[in-house]
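This note collects some points on the structure shown below.

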Amino acid sequence: MRSLPYFFRGPVVRGFGRGSKDLGIPTANFPESVVDSLPTDISTGIYYGWARLDNGDIHKMVMSIGWNPYYKNKKKSMEAHVIHTFKEDFYGHILSVAMAGYIRPERGFTSLDELITAIHNDIEEAKKKLDLPEHLKLKEDNFFKTSVSTTSNQILNGQHSLL
Ligand code: ADP
Ligand code: MG
C-alpha cells in the first residue's frame, strides 16, 4: 500500500456499543471526518502501528478498518485498540496514530471465541512487527514530537511527518 505509513489524529468518539470493552479489547473509534480522509488505497482490514493519547507516551496498537454498520456498510469505520492499560476512558481526547503495516483482511467469525482468538493473534503479530527497525523508527517521527492541543477538536490527516 503506497499510503503506508499513514499518520492521522483525531478525537475519540463513541463507537457502536458492541461491547468490545467487555471482551477486554476496547477500541477507540474515530469520527467520520477522519475516516472520510483515508486514502483510497488503504483497504479494510487489520493494521498495526503506534498510538499516542494527547501528549502521552507512544504505545503499540492494532487498528481495524471495517464497514460501518450505521451506514448499511457503505461507509468505513476506523477503531484502534491501544496495547496499554489506561486508568480511565478517554472519549473526547486526541489520539495520534501512525499506521505502519497491514496484518489481514476483514473476515467473519462463527463464534465469539474465534473472534477473540483472532484479535489476540493480531495483537501478538503487531507487537512482533513493531519491533522491527523500520517500524521502531516511526516512533521517533516528528509527528509524535509536536505538542497536541487537547482542548480543540483537532483533526489532521496525512501521509507525511510534516503535520
Ligand atoms: P465504543 O463502542 O464506545 O467504542 P468500546 O467498548 O470499544 O466502546 O470501548 C472504547 C473506549 O474504551 C475508548 O473510546 C476509550 O475511551 C476506552 N479505552 C480504554 N482503554 C483503551 C485501550 N487500551 N484502547 C482503546 N480504547 C480504550
Ligand atoms: Mg469501539
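This is a predicted model: local features need pLDDT of at least 70, side-chain atom pairs count only at pLDDT 80 or more; totals for chains, interfaces and linings use all residues.

1. Residues are numbered from 1 along each chain as its sequence is written, chains are lettered from A and ligands numbered from 1 in the order in which they are written, and side-chain values use heavy atoms, with hydrogens and water left out.

2. The shell around ligand 1 has 19 residues (a heavy atom within 4 Å); Gly 15, Asn 29, Val 82, Phe 90 and Tyr 91 come nearest. The shell comprises nine nonpolar, seven polar (Gly counted here) and three charged residues. Strands (DSSP E runs of at least two residues, numbered from the N terminus) also contribute: β2 (28-29) and β5 (76-82) each supply at least two shell residues, and β5 gives the most, with three.

3. A nitrogen atom of ligand 1 lies 2.8 Å from a backbone N or O atom of Val 82, and a nitrogen atom of the ligand is 3.1 Å from a polar backbone atom of His 84. An oxygen atom of ligand 1 is 2.9 Å from a polar backbone atom of Lys 21. The protein buries 93% of the 560 Å² that ligand 1 exposes when taken alone (Shrake-Rupley method, 1.4 Å probe).

4. There are six aromatic pairs (ring centres within 6.5 Å). One of them, Tyr 47 with Tyr 102, is edge-to-face (planes over 60 degrees apart), at 5.1 Å centre to centre and 70 degrees between the planes. Tyr 47 belongs to strand β3 (residues 45-53) and Tyr 102 to strand β6 (residues 94-104), so the pair ties together parts 55 residues apart in sequence.

5. The peptide bond from Leu 4 to Pro 5 is cis, with omega near 0 degrees; Pro 5 lies in the segment before β1 (6-11). Asp 54, although not a glycine, has a positive phi of about 50 degrees, and is placed in the loop between β3 and β4 (58-67).

Notes: A polar contact is a pair of N or O atoms within 3.5 Å; within protein, one must be able to donate a hydrogen and the other to accept it, and residues adjacent in sequence count only if both atoms are side-chain atoms. Helices (H or I, at least four residues) and strands (E, at least two) are DSSP runs, numbered from the N terminus. Rings of Phe, Tyr and Trp (its six-membered ring) pair if their centres lie within 6.5 Å; planes under 30 degrees apart count as stacked, over 60 as edge-to-face and the rest as tilted.
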